[in-house]
Amino acid sequence: MPVSGRDYPGTWEQFLDWFPDEESCKEYLIRLRWPQGFVCPRCGETSEARQVSRARLMCPHCRYQCTVTAGTIFDKTRTSLRSWFAAVWYITNQKQGVTALGLQRVLGMGSYQTAWMILHRLRRAMIRPARERLNGVVEVDESFVGRSAPNKGRVGKHAKRLADQYNMRRSIVAIAVEIKNPKGFGRVRMRRILDTSEASLLPFVQDSIEPGSLVRTDGSWAYQSLQENGYRRDKKVMVGADDPAHVSMPGVHRVAALLKRWLLGTHQGSVKPHQIDAYLDEFAFRFNRRSSRSRGLLFYRLLEQAVVTEPVTYGQIVSDAKHRK
Ligand SMILES: [Zn+2]
């Protein structure tokens, strides 16, 4: 477990002490990226890298030269690492989500586009924790997010069908929540899905939940093959059409409510469907680390993920956003 004051700065004062210049930021990234010693990206040997210049490292085996930022989200950035670090600190210290405009103001950046780019790259880095699947008892259900969401926490069958039919501006979000015994919630996984069919929901379950887990769902046909796929199923059949969701699916209900409140607080609820994916990643990152008392630890975790996340260009992010619709 990383320790405050040793592995990450615990306060803003410490942050300023630790990262007075680009060099200190680079050294920190080297520690995060190669905790077991430098691993050459070309020959794969682990060793003590030789510092060729301020920015370059060289593998003593094959003499390959690289920078600590190559192949990470900081690749070829024209923004200083200090500004990146400050952005990470700011983002992980905000309880609410962060907007590009807010980031631009706080960091005093000249360009809105740069702030936007940094924010989006960092959101990409937040996706990484989703590798380890949920297990134990897991609730799965869908919820509407975006404009004019119905008041009911759960999506009624009729509303679902309407949304499927018209593909309205509201997005359907599949939510999986670990249920702890005797009480409380564990981690969460979320994904925007195009409809509530098996073709949309089963892959979500398989990507998000460990086989063998007990999956609690409603009576939808979309979940009929869970058992065939190695899951145990706990089917909660609603008696009457609109049984209150907090009774049968307290975890999903709670997470959906928090997600909506968070989107409302940060983005005034005006979330376009193509933006939802990035926001879901950010929300899940925060939610899954909600018990991290130390804000510095979140800073550490996000940077740790940033150095193992592939770089993306501005063009890629924009075109992705368009194609996701
Ligand atoms: Zn090498």
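**Figure 1. Helix 3 and helix 5 make a right-handed crossing in this predicted model.** A crossing counts as right-handed if the near helix is turned clockwise from the far one by less than a right angle, and left-handed if anticlockwise. The axes of helix 3 (residues 81–93) and helix 5 (residues 112–126) come within 11 Å and cross at roughly 65°. Axes here are lines fitted to C-alpha atoms, for helices over the stretch in contact, and angles run from 0 to 180 degrees between N-to-C directions. On the helix 3 side, W84, A87, V88 and I91 make the contact; helix 5 brings I118, L119, R121, L122 and M126. Contact means heavy atoms within 4.5 Å. Helices (H or I, at least four residues) and strands (E, at least two) are DSSP runs, numbered from the N terminus, and the protein chain holds twelve helices and ten strands.

A word on conventions before the next views. Residues are numbered from 1 along each chain as its sequence is written, and side-chain values use heavy atoms, with hydrogens and water left out. Because the model is predicted, local features need pLDDT of at least 70 and side-chain atom pairs count only at pLDDT 80 or more, while totals for chains, interfaces and linings use all residues.

**Figure 2. Four cysteines hold the zinc ion.** The SG atoms of C40, C43, C59 and C62 coordinate the zinc ion at 2.3 Å. Donors are N, O and S atoms within 2.8 Å of the metal (3.2 Å for Na, K and Ca); water is not among the atoms, so sites may look incomplete. Why is the arrangement tetrahedral? The four donor atoms subtend angles of 106 to 114° around the zinc ion, and four donors count as tetrahedral if all angles lie between 85 and 135 degrees. For reference, the ideal angle for four tetrahedral donors is 109.5 degrees. Along the sequence, the donor residues follow the spacing C-x2-C-x15-C-x2-C. C59 is buried, at a relative accessible area of 0%, whereas C62 is partly exposed at 23%. Buried means under 20% relative accessible area, exposed over 50%, and partly exposed in between (1.4 Å probe, protein chains only).

Figure 3. Two strands pair if DSSP finds at least two bridges between them. Strand 7 (residues 171–179) and strand 8 run antiparallel, joined by seven bridges, and V173 stands opposite R192 in strand 8. In the loop between strand 7 and strand 8 you will find P182; the peptide bond from N181 to P182 is cis, with omega near 5°.

**Figure 4. Strand 9 has parallel partners in strand 6 and strand 10.** Three bridges join strand 6 to strand 9, and V137 stands opposite L214. Four bridges join strand 9 to strand 10, where R233 is the bridge partner of V215. In a regular strand the side chains alternate between the two faces of the sheet. Within strand 9 (residues 214–217), L214 and R216 point one way and V215 and T217 the other way, and all are buried.

Figure 5. For a closer look, find A284 in helix 10 (residues 273–288). A284 counts as buried, at 13% relative accessibility. Which residues does A284 contact, leaving aside its neighbours within four places in sequence? They are V188 and M190. The C-alpha atoms of A284 and M190 are separated by 7.3 Å, although these residues are 94 apart along the chain.

Key
Four donors count as tetrahedral if all angles lie between 85 and 135 degrees; four count as square planar and six as octahedral if opposite donors are over 155 degrees apart and all others between 65 and 115; anything else is irregular.
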